[in-house]
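This report goes through a structure with the sequence and model at hand.

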Amino acid sequence: MPFTLKVATRDWHPKDHISFNTSNGPPNNKAFESSTTIANPQKATESTTIPVWPVHCVQGTPGAEIISEINTARIDRIVDKGRDSRVEMFSAFADAFGNKSEAASFDLAACLKESGISRVFIVGVAGDYCVRYTAIDAKKEGFDVYVVLEGVKSIDEGEQGWEATKIQFKEEGIKLVSIVGDEVQAIDSSS
């Protein structure tokens, strides 16, 4: 596809990331079942609850690399996110508290705006977490946002996960599109 700028994201967690089951004691250490409360690193009086995950995407390990089926030579920039062990970062734009910080390798919104980008097309995993919060934050940053359905896989495909996310997208003006839909085809025909 002839997109102006192709950006990939990847979780790039330290080995002691707060979301890992190994970083939380019993009974809050069951991946996909437990949750933990984290404090905002920039405002200690603010907190939120996040899910607990198995160890994943640890910096410098093969599990953190972009999958081999994606030709990384065709990617212009890679956002390494979730780099701060103290805070969750589902979005490629900001952490769970909306902070733009060293938790990401660069400010994605600034990069897109400097490149003259107005429309953002999103694919990826997990639809109900990383894709969801990246799309919401892209909309907050003023971009027209399109989520390409065929390019999304979710942790929870059901009513509480991806289905709830799709409803939220519609409410927030985030467009759900098909790879063969007019929105994507218009990009292909404009080259």
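The model discussed here is a predicted one. By this cut-off A64, with a relative accessible area of 2%, is buried, and its place in the chain is the loop between β3 and β4.

Apart from its neighbours within four places in sequence, A64 is in contact with R10, D11, W12, C57 and V58. A31 stands 33 residues from A64 along the chain, and the C-alpha atoms of these two residues are separated by 18 Å.

## The parallel sheet and its helices

Three strands form an open sheet in the order β5-β6-β7, and their pairing is parallel. Strands β5 (119-125) and β7 (175-177) stand at the edges with a single partner strand each, so that one side of each has no neighbour in the sheet. From one strand to the next, the twist averages 30°.

The parallel pairing of β5 with β6 (residues 144-153) rests on six bridges, and within it G124 has V152 of β6 as its bridge partner. Helix α2 (residues 127-140) packs on this sheet, where it touches β5 and β6, and its direction makes about 165° with that of β5. Helix α3 (residues 162-172) also packs on the sheet, but touches β6 and β7, with a direction that makes about 160° with that of β6.

## How enclosed is helix α2?

How many of the 14 residues of α2 are buried? Ten of them are, and the helix is therefore largely enclosed by the rest of the structure. The buried residues in α2 are G127, D128, C130, V131, R132, T134, A135, I136, D137 and A138, and they pack against β1 (7-11), β4 (77-81), β5, β6 and α3.

Just after α2 comes G142, a residue that takes a positive phi of about 100°.

## The loop between β6 and α3

In the loop that lies between β6 and α3 is E157, which counts as partly exposed because its relative accessibility is 36%. When its neighbours within four places in sequence are left aside, E157 is in contact with W162 and E163. Between the C-alpha atoms of E157 and R119, which are 38 residues apart along the chain, the separation is 26 Å.

## An antiparallel hairpin

Strands of a sheet pair through backbone hydrogen bonds, and they may do so in a parallel or an antiparallel way. Strand β2 (residues 35-40) pairs with β3 in the antiparallel sense, over six bridges, and the two strands are joined as a hairpin through two residues. Within this pairing I38 stands opposite T48 of β3, while S35 has P51 of β3 as its bridge partner.

## The second largest pocket

The second largest pocket holds about 210 Å³ of space. Its lining is made up of 15 residues, of which F90, D95, A96, F97 and Y133 are the closest to the centre of the pocket. The elements that contribute two or more residues to this lining are β3 (43-51) and α2.

## The cysteines

A disulfide is a covalent bond between the sulfur atoms of two cysteines. The structure holds zero disulfides. C57 takes part in none, and the cysteine sulfur nearest to its own, that of C130, is 8.3 Å away, whereas a disulfide is assigned to sulfur atoms within 2.5 Å. C130 is likewise in no disulfide, with the sulfur of C57 as its nearest cysteine sulfur.

Conventions
Residues are numbered from 1 along each chain as its sequence is written. This is a predicted model: local features need pLDDT of at least 70, side-chain atom pairs count only at pLDDT 80 or more; totals for chains, interfaces and linings use all residues. Side-chain values use heavy atoms; hydrogens and water are left out. Two strands pair if DSSP finds at least two bridges between them. Helices (H or I, at least four residues) and strands (E, at least two) are DSSP runs, numbered from the N terminus. Axes are lines fitted to C-alpha atoms, for helices over the stretch in contact, and angles run from 0 to 180 degrees between N-to-C directions. Contact means heavy atoms within 4.5 Å. On a 1 Å grid over the protein atoms alone, a cavity is a set of points where a 1.4 Å probe fits but cannot get out, and a pocket is an open set with protein on both sides within 12 Å along at least five of seven lines; lining residues have an atom within 4 Å of a point. Grid points are joined across faces, edges and corners, and a volume is the space filled by probe spheres set on the points. Buried means under 20% relative accessible area, exposed over 50%, partly exposed in between (1.4 Å probe, protein chains only).
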